[in-house]
Amino acid sequence: MNDLQKNLLNWAEETVKVYVDYTNAHDEAPAFYTQSPLNEITQSPELLIMGINPGSNGTYKDQKDKSKNWKFKGDDMSAEELLLGNFCFYDGKTGWEHFWEYKFGKRIMGYLLKANINPLACPQKYVLTNATFFATMHASGIKEELPKTCQCTLQLIETLRPKKILVLSSINTINQMISWTKSELIKKDEQGMFGSKNWKWNKGTICGIPFFGVPHPSARLKNVDRVIIQDMIADFMAE
């Protein structure tokens, strides 16, 4: 275990306590989990991709007591289990690599096409995470939980120190994180519009690391809009 892995384990221990303390005090608290496996990261990644939150449903109580897929049956999630990420059950197959078979995963890969980034080819170089790990079917369902948890995500970014950050659903994600954390670690420097419906993008820094924010891949974008996003991400990664 190298220094980064030790630091990630320390981060996970502190983060699990924040989430578990909240979930055990609220019977209907959502399930929570990270996305790509963090236990496999041994050096600072090239790119961290951050959305608002996992887009699934269910309570933490069901996650630990009833789910056939999570291994911490009946017990609270541990730091080690948090680092394992999303088990990603897809079409009878289990494993994070199958995330990229979902429509959402394919759309993210499409965004990265012109930047010549393939998370499947070298998964240790890329991290997918969320502003909060609480899972809800719609992002509007996390308004109560995000202030309690996105500080943990800022600490994850500080720990990983990725070279670049790509923010999905950027305007909402960044504005919410600034509003609820009151953090000076998030700075917006530029913003603009593009494409068929004046979609918004923004740039700035999170923990001193450059970020570029684009519309969520599930937005009703036209093909021409997605091509523009591909070009902008390629330019951002080349900066």
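A polar contact is taken here as a pair of N or O atoms within 3.5 Å, where, within protein, one atom must be able to donate a hydrogen and the other to accept it, and where residues adjacent in sequence count only if both atoms are side-chain atoms. The model is predicted, so that local features need pLDDT of at least 70 and side-chain atom pairs count only at pLDDT 80 or more, whereas totals for chains, interfaces and linings use all residues. Residues are numbered from 1 along each chain as its sequence is written, and side-chain values use heavy atoms, with hydrogens and water left out.

Helices are DSSP runs (H or I, at least four residues), numbered from the N terminus. The N-terminal end of α1 is capped by Asn2, a side-chain oxygen of which lies 3.2 Å from the backbone nitrogen of Leu4. Helix α1 covers residues 3–25, and its 23 residues should span 33 Å at 1.5 Å a residue, the expected span being 1.5 Å times one less than the number of residues; the end C-alpha atoms are 34 Å apart, which agrees.

Gln63, in helix α2 (residues 60–65), is buried, with a relative accessible area of 5%. The side chain of Gln63 reaches the backbone oxygen of Phe32 at 3.0 Å. Contact means heavy atoms within 4.5 Å, and, leaving aside neighbours within four places in sequence, Gln63 is in contact with Ala31, Phe32, Tyr33, Trp70, Phe72 and Met77.

Two packed helices are described by the angle between their axes and the distance between the axes. Axes are lines fitted to C-alpha atoms, for helices over the stretch in contact, and angles run from 0 to 180 degrees between N-to-C directions. Helix α4 (residues 103–111) and α7 pack at an angle of about 55°, with their axes 8 Å apart, and are therefore oblique to each other; angles under 35 degrees count as roughly parallel, over 145 as roughly antiparallel, 65 to 115 as roughly perpendicular and the rest as oblique. Arg107, Gly110 and Tyr111 in α4 meet Arg226, Ile229, Gln230 and Ile233 in α7.

With a disulfide defined as a pair of cysteine sulfur atoms within 2.5 Å, the count comes to zero. Cys152 is buried, at 4% relative accessible area, and its sulfur is 8.5 Å from the closest cysteine sulfur, in Cys150, too far for a bond.

Note on methods
Helices (H or I, at least four residues) and strands (E, at least two) are DSSP runs, numbered from the N terminus. Buried means under 20% relative accessible area, exposed over 50%, partly exposed in between (1.4 Å probe, protein chains only).
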